[in-house]
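Student: I should like to work through this structure by question and reasoned answer. May we begin with the model itself?

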Amino acid sequence: MIWHIFRKDCRLLWPLAVTVALLQAVNAFLSVAQGPFGDSAELRTLAMVFPYVACLGLMALVAVAVHQDPLPGTTQDWLIRPIRRRDLLLAKLLFVVLIAHGPLFLADIAECAGSGFGGNTCLKSALTDGLSKFLLLSLPAMGLATVTRSLAELIGGALAIVLLSGGLLLAASLMMNQPPALSTTGLVWIREQLIAMLFLCVAVGVLPLQYFRRATRRSRGLLAATAVAFVLVWFAVPWKPSFNLQASVAEDPAISSAVEFTFEPKIGRLQRASGTLPVGGFDRMQVTRPLSNQPITVVRGTDPVRTVPVFLPLQVSGVPEAALLMLDRVEFRLIDADGSTLYSGRSRFYSENGPRINASAVSRGPETPAPLRTHEALFLPSNVYEKLKDRSVRLEVEYWLSLLQPRPSVVLAALDGMAGNDRFGRCVSRADSDGDDIEVSCQTPTKLPSCGEVYLQNDSTGERNPPLATCLFDYAPYRLEFTPHRLTRFGVHLPFVDATRSDPFPVDGPKLSHSSVVIVPFEAQSHFIRRVAIPQIRLADWRPLDGVQGG
Amino acid sequence: MIAAFHEVYRRYGKHSALKGLNLSVPEGSAFALVGANGAGKTTAIKILLNLIAPTGGHANVLGIDSRALSPREFARIGYVSENQSLPERLTVGEYLNYLRPFYPTWDRDRESQLLRQLRLPLDRKIGALSHGMHMKMLLLCALPFRPALLVLDEPFSGLDPLVRDELLEGLIEEAGSMTVLISSHDLAEIEGFITHLAFVDSGRVLFQEDIDDLSARHREVRVTLDREPSSSVALPDTWLDVRRSGSVLSFIDTQFTEAGLPHRIAALFSGIRDISIEPVSLRRTFTTLARATQTRASSP
């Protein structure tokens, strides 16, 4: 009877199903039509908004399909008919898979192929996108639909859950004086997966509870409890087990075995111009986001509590050539002579705009084959610093690190180039309208790399312009996330003219015709901890010389 | 028994809809569940069909606990309720096409016959049917598979007499071939075809009886005396709806026996000029019993 019920739903819902299928088709069309650079602002805006509309349409179709045979209540005719509950549930799932997700799958394939990707890549991408949306959108929508009788009730219920979660999240944020452990780190995917699993488990739990027992009150209670559990997961996922999990799925844990951190007082105190604090080994960072070429300058800031940075001179050795070392977290303890802990804390970094960044690159080579010397900050609350700055204390620091290795580069002609691979995506280049930048735009149907470096290189001489580097701080080993956009777009502007520089770039206007854009993706290979213990230190000795201020 | 309630309780928060309901529906009967609005009739039926769970006790239907009803049993149960909602965007024909494969015993000839009899338009959307047509549609969906048990919950509520008669015709034709459990607060319309009756009040069954026994037990009695009867005479509790008008005393005797009544009257009154004994309509019996119950409940 599964097919029989499915056909009844199709007969009833074909106008909505066709509308949602059209939304998916228009969505794919807009993505392809806007081209790699997204020159048309109108198309870009539509292409930005439409995926959300299509996702809402998908969820509405799923919910309405369930509502054709509502579960709460006692007046529905189907309840007294000889209809197997299992058949009804399977018929609804069949409808969701074939009628709601079928057009999505086809539109995914069309968009991917229309953007120039190969068959296998598109098939894999469409399956991944379909699976993500099935698990993270359709199943939760089904779960909510089984405890409601209409779309209006469902929207009300969803709003109630969102408000409850939001309220609890806000209250918990106000009560906690530290942000959640995984927030703004490359490990945040673990929390996202746990939350996704929570939603999935609840949806999967509510479906049989409703279809086989019609325990609506219990199911609604379960959904309300999910809002509380969501907040708990958000705040309570602990750092250490998460890092251990991350380390256990690393591709090449042994690669970091030679990396050593030592406190090196001979390096001396940090000397920087007043104002901006340094950002590890990168001179300039740019966070790329879909359809946005706006650079975001990453600076170290402070948390709401007034803090004072102390910069430890460190020597880092054993970093493989061309690798990136990312600092994910720093924990430190100040210990008195009698062994008692005077202060323990963890350092945090913030970006000035946009996403917060909680890591910095401390090493980058091949330019730095020798042991790297760097200053790494520890942030102390100003009252703690004032109290302890002149005391001789023991300092123990734990650095939680990730080592990233470059993946095969994507090289394309600087002017009107086009290249790519299925792992990284497809990229195009052109000179921008101002004539001082090379505009690079890429699309990928897969997960973005954790970090990337882009530079202009003279093909004849091998000279390079200063690279632009970016990190998304995402060490997820796979892509299973909710994103309304099927293809992730990202881009950079590579300057080849800079009036503020006294010397020209190695690759400038006349050399562009025989130059290339080189894109180097980096992926995390190993996650590890290094400890530095300093038996005696006076904090005031390691404040920057120019008086760089925190807070 | 095709259906039975055993000490069934049902609470909605602080309100008890059923307070230990005991009831047995004999197979092949046309069983009326009567009671005022809010007496618990609909709650009882919903428990019987596993639409809601009892708070205590249990109900059996077709030999199994109602909580364990499966499609196999539902294929033998027809249900018509004024509150039943059908898929409004399907047409009458489409919904019949949808239901047919679920019932192994669906009789296409009976369906055609009912369609003609009830005069339902096959191509009309269910949502566009009037209340009367909606009820006829429910009956149409409940009869073609020849259910062993047909449950009707206030099926005639809000219907005009013409539609009511059409529905009744449909029902009477089926009577005898199946068990009918019908709930109603108005007995006039079902008097002609029910065989058993249970009177439900405040979640309990006050009495359950074969309709013939009930009719035989109840009589409207009119006693004409020589003079006005004394108000100090203690009348039997089994005499209900007692009225005095001059020298005439009228009442409903709920324990009537041909031989016993004249003796009981003679024992209480002298100067009896005439005793007239008439059968009581089911409606009158019901309203009399209902009033008496309410009076007893409200008295300190």
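**Pocket, helix and ring contacts**

Tutor: The model is a predicted one. In the second largest pocket, helix 7 of chain A gives the most to the lining, with 4 residues.

Student: Which elements of chain B each supply at least two residues of the lining of the second largest pocket?

Tutor: Chain A contributes to this lining through helix 3 (85-114), helix 6 (188-213) and helix 7, each with at least two residues. On the side of chain B, the elements that do so are strand 1 (3-12) and helix 2 (71-74).

Student: How much space lies in the second largest pocket, and which residues of its lining are closest to the centre?

Tutor: The space in this pocket is about 970 Å³. Its lining counts 32 residues, and those closest to the centre are Arg213(A), Arg214(A), Ala215(A), Leu51(B) and Ile52(B).

Student: What span should helix 5 of chain A have, and what is the distance between its end C-alpha atoms?

Tutor: Helix 5 of chain A runs over residues 151-175, which is 25 residues. At 1.5 Å a residue, the helix should span 36 Å. This agrees with the distance between the end C-alpha atoms, which is 36 Å.

Student: Which helices are among those that cover the buried residues of helix 5 of chain A?

Tutor: The buried residues in helix 5 of chain A include Leu154(A), Ser165(A) and Ala172(A). What covers the buried residues of this helix includes, from chain A, helix 2 (41-67), helix 4 (119-146) and helix 7 (216-236).

Student: How many aromatic pairs does the structure hold, and why is that of Phe263(A) and Trp542(A) classed as it is?

Tutor: Over all chains, the structure holds 17 aromatic pairs. The ring centres of Phe263(A) and Trp542(A) are 5.6 Å apart. Their planes meet at 80°, and over 60 degrees counts as edge-to-face, so this pair is edge-to-face.

Student: How many residues apart in sequence are the parts that this pair ties together?

Tutor: Phe263(A) belongs to strand 1 (residues 260-263) of chain A. Trp542(A), which is buried with a relative accessible area of 10%, lies in the segment after strand 15 (515-538) of chain A. The pair therefore ties together parts whose separation in sequence is 279 residues.

Student: What is the arrangement of the aromatic pair formed by Phe199(B) and Phe207(B)?

Tutor: Phe199(B) and Phe207(B) are both buried. Their rings lie 5.7 Å centre to centre with 50° between the planes, and the pair is tilted.

Key:
Residues numbered from 1 in each chain as written. Chains lettered and ligands numbered in written order. Predicted model: local features only at pLDDT ≥ 70, side-chain atom pairs only at ≥ 80, totals over all residues. Heavy atoms only, no water. Phe/Tyr/Trp six-rings, centres within 6.5 Å; stacked < 30°, edge-to-face > 60°. Buried < 20%, exposed > 50% of the residue type's maximum accessible area, 1.4 Å probe, protein only. Expected span 1.5 Å × (residues − 1). Contact = heavy atoms within 4.5 Å. 1 Å grid on protein atoms, 1.4 Å probe; cavity = no way out; pocket = protein on both sides within 12 Å on 5 of 7 lines; lining within 4 Å. Points joined across faces, edges and corners; volume = space filled by probe spheres on them.
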